[in-house]
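Open the model in your viewer and keep the selection panel at hand. The stops below say what to select and what is found there.

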Amino acid sequence: MTQRKVTTIPATIQKYTAAPIAGGEKRKVAGYARVSTDHEDQATSYEAQVDYYTRYIKEHDNWEFAGIYTDEGISATNTKRREGFKNMVADALAGKIDLIVTKSVSRFARNTVDSLSTIRKLKDNGTEVYFEKENIWTMDAKGELLITIMSSLAQEESRSISENVTWGQRKRFADGKASVAYGRFLGYDRGPNGGFVVNEEQAKTVRLIYALFLEGLTCHSIAEELTNRKLPTPGGQETWNQSTVKSILTNEKYKGDALLQKSFMVDFLQKKMKKNEGEVPQYYVEGDHEAIIEPEVFDFVQTEMERRYTGRGRYSGVSIFSSKIKCGECGGWYGAKVWHSNDKYRRVIYQCNRKYKGEKKCGTPHITEDEAKAVFVRAVNKLLAGKDELISNVRLMIMVLSGNDELEKKRAELQEELEVIVELTNRCVAENARVALDQDEYTKRYNGLVERYETTKAEYDAVEKAIADRAARKKELERFARIIDRQQPLEEFDENIWASLVDFITVYSADDIRVTFRDGTEIKA
């Protein structure tokens with residue numbers, strides 16, 4: 001028998017690191033440190049990581065210090081906003097780093113996909129990562145499997161933390177605790193207990209926005225006016241845009257209430273937020289804090305905004321008379337026209353927009369701004385002459401609008417039916433997953449339930465809208481009655497009273513101009 005001969009082949013590379021044992025060239029080593037919050041106690045951890053890895057790298061004779069890359073106060077669930085991390089990866093790919101040393105997998109990334117894709121990219125480039133806590137070297141054969149497992153665990157930890165934070169937020173919402181990003185919210189500062197405290201200087205701008213809207217200006221025109229007046233935006237900028245104005249006009253916090261959970265996070269990894277359209281509960285807190293805008297004024301603005309943008313034709317906010325003067329012949333709106341624009345006889349008149357269009361031209365006369373103002377003053381004073389009877393009639397209308405019992409009952413019945421249909425649909429799907437059903441029969445049954453749901457939902461939405469319309473009309477009439485009750489006869493035109501009381505003016509002829517008020521009363525003036 002031939003005697004066995006065993007020859008030892010000595011190791012030529014470092015254990016784990018894959019670096020040549022006899023290699024004379026030093027490895028360029030960088031450290032990566034990150035903490036995920038800006039809290040003071042985390043700042044200590046951050047500084048400790050930086051100090052530790054600086055000394056740790058410099059203590060190795062065969063390592064060349066390539067710097068410390070850091071991210072402070074940044075979450076690791078994705079790499080989009082981690083500038084230090086991205087700079088480190090870029091430098092590694094450029095050949096400036098051979099080895100990256102970091103505390104743990106969770107410090108590197110809590111997203112499995114980001115973690116593995118980055119490590120593979122670095123590995124293909126010849127750059128290794130060492131995770132000290134788990135003792136993982138990415139060039140090691142076991143490295144990728146261990147990293148996959150550890151990253152998944154870290155991702156689940158991040159999910160758990162996100163869910164806990166979300167639960168805490170929703171618990172605060174359920175308790176009626178409201179908060180905003182005060183640094184970008186016009187009109188309020190954070191109070192000593194975290195509540196809303198009116199910032200009087202900023203509140204002037206908020207009140208101006210509402211006043212301009214009630215004078216007839218559009219959101220776009222208001223934005224231009226605020227920019228011209230050099231008033232700062234909620235973010236401290238100089239230029240306003242119409243979306244910012246609209247958000248201020250529709251935010252219930254300005255009337256002292258708070259709607260909580262308007263949006264929610266749908267992806268904890270990407271921090272993606274979505275407008276809440278019924279997916280999660282909302283909470284409405286009335287009288288949460290001091291109002292900047294009177295509740296009835298706020299409610300009136302919402303009604304007026306809906307009227308402007310859902311009514312017939314496109315609303316024009318050129319002046320307080322825009323979309324307020326109607327043609328008695330064709331029913332269309334009067335538009336502003338400038339006569340003698342370049343001489344001393346310049347004046348603005350309003351005439352039917354269809355006066356010179358089509359085969360049949362409207363014969364209604366034009367009306368000047370001064371004439372419209374005079375008509376309004378006469379009509380208001382006629383209205384106020386029968387104030388007591390008017391208020392009595394309006395209150396009777398309010399009582400009628402308060403009687404929503406039938407609609408409420410119908411809504412409850414439809415809600416119950418929707419819940420039954422949803423339950424039947426869930427059972428249908430579950431049964432198909434559990435038992436081998438005829439798929440044609442299943443599809444027919446499923447589609448029938450879906451069609452039934454959509455029909456019932458459309459009916460439910462119509463009832464819901466009817467209830468909301470009645471509530472809005474009731475509030476409008478209540479405000480109308482309050483204004484009429486305290487209003488004295490006018491001696492001259494008042495823009496605020498015009499905006500509050502008048503629905504529109506109808507021009508039939510030079511001698512027949514009628515004012516329709518918000519309660520439906522029409523007066524020939």
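The axes of α6 (residues 200–214) and α7 (residues 219–228) come within 10 Å and cross at roughly 140 degrees. That makes α6 oblique to α7, because angles under 35 degrees count as roughly parallel, over 145 as roughly antiparallel, 65 to 115 as roughly perpendicular and the rest as oblique. Axes are lines fitted to C-alpha atoms, for helices over the stretch in contact, with angles from 0 to 180 degrees between N-to-C directions. Now show side chains: Thr205, Leu208, Ile209, Leu212 and Phe213 of α6 meet Ile222, Glu225 and Leu226 of α7, where contact means heavy atoms within 4.5 Å.

This is a predicted model, in which local features need pLDDT of at least 70, side-chain atom pairs count only at pLDDT 80 or more, and totals for chains, interfaces and linings use all residues. Residues are numbered from 1 along each chain as its sequence is written, and side-chain values use heavy atoms, leaving out hydrogens and water. Helices (H or I, at least four residues) and strands (E, at least two) are DSSP runs, numbered from the N terminus.

Next, select strand β3 (residues 99–102). Leu99 and Val101 point one way, Ile100 and Thr102 the other, and all are buried (under 20% relative accessible area; exposed is over 50%, partly exposed in between; 1.4 Å probe, protein chains only). Threonine 102 has 0% relative accessibility, and its contacts beyond four places in sequence include Tyr32, Tyr53 and Phe108.

Move to the open sheet of four strands, in the order β12-β16-β17-β18 with mixed pairing (two strands pair if DSSP finds at least two bridges between them). β12 (325–327) and β18 stand at the edges, each with a single partner strand, so one side of each has no neighbour in the sheet. The twist averages 25 degrees from one strand to the next. Helix α10 (residues 369–385) packs on this sheet, touching β12, β16, β17 and β18.

Finish on lysine 524, in strand β18 (residues 522–524). Is lysine 524 buried or partly exposed? Lysine 524 counts as partly exposed, at 46% relative accessibility. Beyond four places in sequence, lysine 524 touches Lys382, Asp511, Asp512, Ile513 and Arg514.
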